[in-house]
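Hello,

Here is the structure I promised to pass on. Have a look at it first, and then read my notes below.

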Amino acid sequence: MASHVVQGRGVETPVEVRDASVCLAAYLVRADAARAVLAYSRMDVTEVLPGKALCSLVFVRYHDSDLGSYNEFGVTFLVRPADAGPPPSRGPLAGLKDLRGAGTGAFVHWLPVDQAFTLEAGRTIWGFPKELADVDLRLGSPYKRCLLRKDGRMVVDLLLRPGVPATPVPLLGETLPVPDAYAHLDGVTRRIPWTARARGVRWRPGGALIRLGNHPIAKELSELGLPRRALMTATAERVSMTFEEPGRA
């Protein structure tokens, strides 16, 4: 356990999220374009298929957490940890073998939030690239929607159509097999161990409608090949999470 002071308030790790709603759309994108986006971090993407990387757009409403209640949007990529060794020999199943073998990480490339306290905590404790933005989440209808604006400019409008219940896995309250998170800030790459438990999980192939705005991040997403059909979407009504103290990657 470690203690931190954020805006005059003490925060201890592990930080607990007791209740959150999570929505995710995963996309296959060009691996070379993803590598160009992440060049600043010196981390390599996992090629889940030859020449293809996995980029996920995530929006979360944190109902109850040690950092308060807030909305968040995330752009993440599956990456190969530095200690994973050389990538497997190229082939149609090489990426899947890589996931089962050396493992993978979830690199957090961009993480806008709508509250100042979680912004400062995320940057100072874990090195998450949090920025203040207008994260408008509409979760009360069957369709889940995020309207994200930054500096008065539209970044993305993402609409998800929840799929079928994920049964029998994950079971009620079961811990999900999540990869370690990675983030790069101020020249330092950090590894953040975390856990998640979920209820009310639904998933489906496709299921997302995305519209990009005129913000630089929207241009970056377009260079990855978006908008395009999502590989899959997933939603979870009740999620709890634990974020541990970070370490150097």
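Let me start with helix α4: the residues that cover its buried residues include some from β5 (52–65), β6 (70–80), β7 (105–113), β11 (153–160) and β17 (208–212). Helices (H or I, at least four residues) and strands (E, at least two) are DSSP runs, numbered from the N terminus. Buried means under 20% relative accessible area with a 1.4 Å probe, protein chains only.

A word on the source: this is a predicted model, where local features need pLDDT of at least 70 and side-chain atom pairs count only at pLDDT 80 or more, while totals for chains, interfaces and linings use all residues. Residues are numbered from 1 along each chain as its sequence is written, and side-chain values use heavy atoms, with hydrogens and water left out.

Back to α4, which spans residues 216–223: Ile217, Ala218 and Leu221 are buried there. Seen down the helix axis, the buried residues of α4 fall within an arc of 105° (taken from the directions from the axis to the C-beta atoms), so they line one face of the helix. Just after α4, Gly225 has a positive phi of about 110°.

As for the whole chain, it has 4 helices and 19 strands. Of its 249 residues, 51% are buried. Among contacts (heavy atoms within 4.5 Å) between residues at least 6 apart in sequence, 69% join residues at least 24 apart.

Enjoy exploring it!

Best wishes

Definitions and conventions. Buried < 20%, exposed > 50% of the residue type's maximum accessible area, 1.4 Å probe, protein only.
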